[in-house]
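The report below walks through a single model, from its strands to its metal site and its loops. Please keep the sequence and the coordinates in view while reading.

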Amino acid sequence: MHEASLVRTLLDKVATLLKEHQGEAVEEVCIELGPLSGVEPLLVQSAFEMLAPQYSLSDAKLIIHEIPLEAKCRDCGALFEIKNFRFRCELCESSAVQVVRGDEFRLLNITIRQAVDNEASA
Ligand SMILES: [Zn+2]
């Protein structure tokens with residue numbers, strides 16, 4: 001399952017960040033997911049819930065920001081959102097379009113809970 005391996009990489013990164021920040025736990029993990037990333041948000045969510053405990057991240061909630069598919073027209077330079085996978089320029093109907101955004105599977109940020117003892121020194 002493609003989603004599981006992506007989620008493992010993600011959890012690895014999050015666990016490393018938690019250690020670097022000497023936090024107690026991770027509360028939220030926000031990711032950006034584009035329609036061309038080839039993964040299903042629902043499958044990512046369930047893989048996350050299944051795998052998080054293996055990384056001592058069972059408290060973490062995954063928040064998925066689904067981002068639009070955007071393209072640029074090579075003929076007129078227009079930037080537009082592609083809807084229903086219609087790869088044509090909105091303005092000039094050219095089919096010479098280049099996808100500029102939409103294949104992301106990217107960690108945006110995480111929310112770390114610090115141990116109460118650390119607050120004074122932080
Ligand atoms: Zn155009």
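## Basis of the model

This is a predicted model, in which local features need pLDDT of at least 70 and side-chain atom pairs count only at pLDDT 80 or more, whereas totals for chains, interfaces and linings use all residues. Residues are numbered from 1 along each chain as its sequence is written, and side-chain values use heavy atoms, with hydrogens and water left out.

Helices (H or I, at least four residues) and strands (E, at least two) are taken as DSSP runs and numbered from the N terminus, and two strands are said to pair if DSSP finds at least two bridges between them. On that basis, strand β1 (residues 25–33) pairs with strand β2 (residues 61–66) in the parallel sense, over six bridges. Within this pairing, E32 has H65 in β2 as its bridge partner.

## The antiparallel sheet

A separate description applies to the open sheet of three strands, which is antiparallel and has the order β4-β3-β5. Because β4 (79–81) and β5 (97–101) stand at the edges with a single partner strand each, one side of each is left without a neighbour in the sheet. Neighbouring strands of this sheet are turned against each other by 35 degrees on average, direction ignored, where the axes are lines fitted to C-alpha atoms (for helices over the stretch in contact) and angles between N-to-C directions run from 0 to 180 degrees.

Strand β3 (residues 70–73) and β4 are paired in the antiparallel sense over three bridges, and K72 stands opposite L79 in β4.

## The zinc site

Which atoms coordinate the zinc ion? The donors, meaning N, O and S atoms within 2.8 Å of the metal (3.2 Å for Na, K and Ca), are the SG atoms of C73, C76, C89 and C92, at 2.3 Å. The angles that these four donor atoms subtend are 106 to 119 degrees, so the arrangement is tetrahedral, a label that requires all angles of four donors to lie between 85 and 135 degrees. Along the chain, the donors follow the spacing C-x2-C-x12-C-x2-C. The pair of C76, in the loop between β3 and β4, and C92, in the loop between β4 and β5, links distant parts of the chain, 16 residues apart.

Accessibility is classed as buried under 20% relative accessible area, exposed over 50% and partly exposed in between (1.4 Å probe, protein chains only). C89 is buried at 0%, while C76 is partly exposed at 40% and C92 is partly exposed at 36%. The structure holds zero disulfides, a disulfide being a pair of cysteine sulfur atoms within 2.5 Å.

## Two loop residues with positive phi

Most residues other than glycine have a negative phi. Q22, in the loop between α1 (2–20) and β1, is not a glycine but has a positive phi of about 50 degrees, and Q22 is exposed, with a relative accessible area of 59%. S56, in the loop between α2 and β2, also has a positive phi, of about 55 degrees, without being a glycine, and S56 is exposed at 64%.

Definitions and conventions:
Four donors count as tetrahedral if all angles lie between 85 and 135 degrees; four count as square planar and six as octahedral if opposite donors are over 155 degrees apart and all others between 65 and 115; anything else is irregular.
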